[in-house]
Amino acid sequence: MKAHRLTNWILALSVLAALSGCAQAPAPAEDVSSSAPPAASADPSVQEPEALTPFTLAFYPDYSIHPALAGNRANLALAPLLYEGLFTVDDAFQAVPVLCQSYEVSEDGLTWTFQLRSNVTFSDGTLLTGQIAAQALTTALGEGSRYAGRISNLRSITGSEGQVVLSLTTPNGDLPALLDIPLALDSSDRPFGTGPYVLAEENGTLFLAARDDWWQNKPLSLREIYLCSIQQADDLIAAFDSGDITLL
């Protein structure tokens with residue numbers, strides 16, 4: 001699921017929850033007799049509305065959530081909320097700039113220079129630089145990366161203060177569309193990202209917390225996204241069947 005689709009899905013769900021919470025309660029029945037039956041004898045067919053289940057996603061805490069190196073699909077579903085790439089791809093399969101401000105291509109089509117947006121920070125406050133972006137793309141090109149085959153045409157990746165330069169072995173005019181690769185700050189199992197949420201922990205419980213310093217400055221209806229810890233596949237199926245997780 002693309003980043004913008006997952007985010008829009010979450011926001012739509014939160015709106016529905018808000019609308020449900022705004023429904024007016026029925027007016028209390030008028031007291032017509034001092035001998036009215038007690039509440040316990042009310043019509044048993046009338047049920048109290050169930051409390052809304054908070055939006056919850058599955059999470060395997062024993063596995064990596066690195067957007068390029070993780071192999072667990074449930075954890076990879078969290079990546080669009082934590083990480084962003086130089087580009088994203090829209091419904092027409094066209095590249096849309098995200099962390100990239102602009103780019104230039106050499107006449108032979110082999111050298112691409114991508115100018116980064118300024119004042120973009122990772123969730124720990126680290127400023128996005130060309131060097132960090134180049135290292136993230138180098139990790140995505142390396143062994144064990146799920147993106148290695150996609151960008152195998154890269155000959156070199158270099159970064160400076162505000163730009164990344166990619167050199168190709170053969171020209172490829174569709175390179176921007178291939179660069180919707182989420183950028184992580186490092187190659188650890190739980191690296192920081194530039195996305196709208198950050199993995200947080202409170203009293204031993206992990207959850208996704210909305211960032212107040214997200215560079216896109218878009219409103220996020222869900223301030224917290226709960227995570228249901230999963231250890232094995234049977235736990236995942238049981239959690240979904242019971243409604244403990246919202247999306248699978």
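Ala209 stands opposite Glu224 in strand β10. Three bridges join β9 (residues 205-210) to β10 (residues 224-229), and the two strands run antiparallel. The model is predicted, so local features need pLDDT of at least 70 and side-chain atom pairs count only at pLDDT 80 or more, while totals for chains, interfaces and linings use all residues. Residues are numbered from 1 along each chain as its sequence is written, and side-chain values use heavy atoms, with hydrogens and water left out.

**Sheet**
- β1, β10, β9 and β8 form, in that order, an open sheet of four strands with mixed pairing (strands are DSSP runs of E, at least two residues, numbered from the N terminus; two strands pair if DSSP finds at least two bridges between them).
- β1 (56-59) and β8 (197-202) each have a single partner strand, so one side of each edge strand is left without a neighbour in the sheet.
- Direction ignored, neighbouring strands of this sheet are turned by 35 degrees against each other on average (axes are lines fitted to C-alpha atoms).

**Aromatic pairs**
- The structure holds six aromatic pairs (rings of Phe, Tyr and Trp, the last by its six-membered ring, with centres within 6.5 Å; planes under 30 degrees apart count as stacked, over 60 as edge-to-face and the rest as tilted).
- Among them, Tyr60 and Tyr63 are edge-to-face, at 5.8 Å centre to centre and 85 degrees between the planes.
- Phe87 and Phe114 have ring centres 5.9 Å apart and planes at 75 degrees, so this pair is edge-to-face.
- Phe87 lies in β2 (residues 87-89) and Phe114 in β5 (residues 111-116), 27 residues apart.
- Phe87, Tyr103, Trp112 and Phe114 form one aromatic cluster.

**Burial**
- Tyr60 counts as buried because its relative accessibility is 8% (buried means under 20% relative accessible area, exposed over 50%, partly exposed in between, with a 1.4 Å probe and protein chains only).
- Tyr63, at 45%, counts as partly exposed.
- Phe87 and Phe114 are both buried.

How values were computed
Axes are lines fitted to C-alpha atoms, for helices over the stretch in contact, and angles run from 0 to 180 degrees between N-to-C directions.
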